[in-house]
Amino acid sequence: MIEINEEMNKKYNSYDHYDKLRCYDNIEIIEIEKRFESFSIEPDYDYGVNLLEENQGLPKVNIDLTKLIDFYKNKNYSVKDLINEIKLINEYFENLTKSVDLTKCESLREKSIVYYLYYFINRCLFYVCMHNEFMSSIETSKIFRAFFNNFLSITNCAKLYLEKDLENSSMILDDENKMSKELLIKINDKIYKPFEFLKKYPSEFKEFITHCHNFLSLLLFSIDQYTIIDDKEVPHINEDVYSLFQTFVMCFNVIHEINESYSIIDNNFFYNDGISKNLNLARDFRTFVRNERIKKKKKKEENKNNNDNNNNGNNTNKLDINKKIQEEKEKNKIELDDDEDPDEEEEEEKEKNNEDKIEFTLFDYMWLFNTSAKNEIIRLFNTRKQKNEFIKAFQQRRGGNHVNFFDFIFNANKFTLQLNIRRDHLIEDTLNELAKNGKNLQSELKVKFVGEQGVDQGGVRKEFFILVIRQIFDPNYGMFNYNKKTRLYWFNHFSFEPKIKYELIGTIFGLAIYNNTILDVKLPISIYKKLLGIKPTFEDLKECDNELYKNLEYILNQDNPKLEEELDSNFTVVDDKFGEKIEVPLKPGGEKIMINNFNKSEYVELYTDWFFNKSIDEYFRAFEKGFYKVFNRNLTKMLTPQELELIICGTQILDFHELKLACVYEEFDKNSETVKYFWEILFDFNEEEKKKFLSFVTGCDRAPIDGLGSLPITVTNGGSDLNQLPTAHTCFNNLILPDYKNKEKLKKALLTAINYSEGFGLI
C-alpha cells in the first residue's frame, strides 16, 4: 500500500480528508515542489471556497520567471536532470489518477484539487520550457509527450468544471447565444486571471516563448526522416515526433490564449518563422478542407437527428451549454466559405478511407503563421474559390457533367474578370465594368486600356490599380482629405461624391488582395481595425490627428474643480464645412451641457466615437460593403489590423541591398561595367526616385510583405543601341537595360524612363 505524504498534504490543504485524491509518498516530488518556491500558489488560499463568488475566485499564482531563468543560468543543470524530473512529474500524475477520474469530481473541494493541479502543471510547463537545452531533447519524445498530455488533460478538466459551475450559477440570460459568449468570457477570465501578473515579466516571457518556438522548429524539421531501401532514400514520418509536435502545439495554444487575454507581449512574438517558411501550406490546406467537409457532414447528420427527435416529441428544450460554448469557440476559427465543393469525388474517397477522421492541421492555430504565410493562405482560399466558381459555372453549361483538366485549359479565359477601361474615363468606366461583372468579382482580373496594344499578363493590371488609387485619393477629387502632418488620408465626410464611389474603392481593395497586388495607400490603422470589426480607441486618435489627441488628453488629465469655467466648452464638435464653422452635438442637447470635472471622460469618449464612427459612418459602410463583395469576411478572423494593412499595402521599407542580392541577370554578368554603374545609381537615388524605379519595373512602388528580397527582378542586356531607353515587362519584373557602359548616360536614360513610363514600355 502506498503511504500518504503528510508533509505535502499539510502544505496543500486541498487534499485533506480525500483518500482517493491524496498525494502519494515520493521524496523526489517534494524536492521538485521546493524548486517551485519562487513561483508558487499563495499559501493561505482555501481550495474549498465557492469559486463562483466574484470577490474570491481562483488562487493567485506567482511564477517568478526572473528567478527561474537565473536558476538555469547559474547552475550546472543537465538535460538528464530535467528528463528525470519530468519522469517524476509524470509518475506523480499517473499515481494520482489511478483510482479516480478527474473529469468526474463532484464536490467543490474535489474540483478545487483539479484547479490546484492545473496551476501545478502550469508551473511545471514554465519550468520545463525555460530549460536552455530543452530543444535538444526530442529523443525523449515519449516522456515529453506524456508530460504535455498531462498538461492538456488537467487544463481541459479545469475548464470543464468552470463551465459546469458557471452554468449552474445565477447567471441566466434570455439570449442563448449571448449566454454562451458570456460564459466563454467568464471561463477564460477565471482560468487565466492568475497569470495576469506575467505582465511584470515581458522580456522573460519573450524568452520563454522563444524556447517554445525553438522546440517547435526542431520538431518540425525532425518529423520527416529517411530510410535507405535498396540504396535509395525513402521518406517516412517519425510518428513519435509528429505526435509530440501536435501535443506541444496544443499546449502552446494555452499560453497564446493567456497572452491574448492580458496582452503580455505583442502577438507577433508568437509567429513561428520556421513553420511559416517551411510548412507545406498546400498540403495542410487540403487537410483543413477535408476536416471542414467532415465537420459539416457530421453537423448535418446531427441536425437531422435533432429534427427527427423533435418530430417524435422527444424535444427536452434543454440548453447544452458545453455545445454552445464549443460553437462560440469555433466562431473564432476560419472555415470554408462555400457549402459544398462541386468537385469532391477524390476527397470523398479519402474521407471514406480515413473513416471520417478529423486530422491535425496547423490551420487551427493561425497565430503561429507570420503575415507572409497568412497571405499565402489567403491565396489558397482564393484559388480554391476561383476553381469552384469555374466548375459550377461550367457544369451549368455542360448540364452537370464532370469537369476535367482540358476543360480548364480551353475555357479558363471565359471566367476571368475582364475590364475595358478608357484612361480619360478611368473611374466612370471602372464603375460601369464592375457593375456589369458584379457576379464575377472573385475571378482573375484582366485589364485592357482601350486603344492600347499592351496585353495584360499582370503589368497592365498593376498599372490600373496605381492609376485608380492615385485619382480617388487625390484631395482635389474630394473623397478623402490629406493630413500633411501625419501624411495620412481620411474620409471627407462632406464629400459631394456618391457613396457608390466609396463602395468602388472598397472593391478595389478587395480585388487587389484577390489578385495579389499591393496598393500605395496611406490610411491610419484605425480603418483596418474597423474593417475587422475592432472598435478604434482614444489612443488611435494620436495617429490620425495628434493635435486633437493632445487637446483631449489635456482635458482628461485635468483634476480641476473649476474645469468648466476654464474650458467654457460644451458637448459639441466644431466642424469645418468648406470654411464654414458648424456645431455638431455629441449627444442630444449637447450644446447645453458644459464640460466639467465629472463628465470629461464621457466627453472624450463621445468625441472619439464621433471622429471614428458617426462622422464617416455612411461613407465607411459603403467602403466596407465594396471590400467584402470580393474579400472573404471569414478570412479576417486570422488577421490583425497590422497584418491586413501589410497584405493590402506591402511594406514601405525599401532595402535595395536585398533587391540586389535577389537580382537575376540575362546576357549580363553581375560584375559587368553597366551592371556596376546601374546599382551605384540606384543606391544614390532618393526615396521618391526609388519608388518610381520600382513602379517602372514591377508596376508598384511598394515592397512585398517579406521585403524586396522576395521580389527578384531580372536585368536583361538590351543590346548596344545607346539611343534606346530602358524598358520593362512589369508582369515578369524584367528590366531591359541597354549596355551603356557610361554612368552618366545610364543615369540620364534611367531617370527619363522612370519619369515618363506611364502607359509606355509596360506590358
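Colleague: Over which ring does the charged end of R423 sit?

Modeller: The charged end of R423 sits over the ring of F449, 4.1 Å from its centre. A charge sits over a ring if NZ of Lys or CZ of Arg is within 6 Å of the ring centre and within 35 degrees of the ring normal. K690 gives another case: its charged end sits over the ring of F656, 5.2 Å from the centre. This is a predicted model, in which local features need pLDDT of at least 70 and side-chain atom pairs count only at pLDDT 80 or more, whereas totals for chains, interfaces and linings use all residues. Residues are numbered from 1 along each chain as its sequence is written, and side-chain values use heavy atoms, with hydrogens and water left out.

Colleague: How many aromatic pairs does a search of the whole structure find?

Modeller: A pair of aromatic rings is described by the distance of the centres and the angle of the planes. The search of the whole structure finds 52 aromatic pairs. The centres of the F627 and Y628 rings are 5.0 Å apart and their planes stand at 75°, so this pair is edge-to-face. Rings of Phe, Tyr and Trp (its six-membered ring) pair if their centres lie within 6.5 Å, with planes under 30 degrees apart counted as stacked, over 60 as edge-to-face and the rest as tilted.

Colleague: Are F627 and Y628 buried or exposed?

Modeller: Both are buried (buried means under 20% relative accessible area, exposed over 50%, partly exposed in between, with a 1.4 Å probe and protein chains only).

Colleague: Where is N259 found, and which residues does N259 touch?

Modeller: N259 belongs to helix α9, residues 239–262 (helices, H or I with at least four residues, and strands, E with at least two, are DSSP runs numbered from the N terminus). N259 counts as buried because its relative accessibility is 2%. Leaving aside residues up to four places away in sequence, N259 touches F205, I264, I265, N267 and F270, where contact means heavy atoms within 4.5 Å.

Colleague: How many disulfides does the count come to?

Modeller: A disulfide is a covalent bond between the sulfur atoms of two cysteines. The count here comes to zero disulfides, the rule being a pair of cysteine sulfur atoms within 2.5 Å. As for individual cysteines, C124 is buried at 0% relative accessibility, and C663 is buried at 11%.

Colleague: How many salt bridges does the count come to?

Modeller: The count comes to 28 salt bridges, each a side-chain nitrogen of Lys or Arg within 4 Å of a carboxyl oxygen of Asp or Glu. One of them joins the side chains of R379 and E376 at 3.3 Å, N to O. These two residues lie three residues apart in helix α14 (residues 371–397), about one turn of the helix. R379 is partly exposed at 33% relative accessible area, and E376 is partly exposed at 31%.

Colleague: What separates D617 and R621 in helix α24?

Modeller: D617 and R621 are four residues apart in helix α24 (residues 617–630), so about one helical turn separates them. Salt bridges that share partners also join R423, E452 and E463 into one network. The side chains of D617 and R621 meet in a salt bridge of 3.0 Å, N to O. D617 is partly exposed, with a relative accessible area of 33%, whereas R621 is exposed, with 52%.
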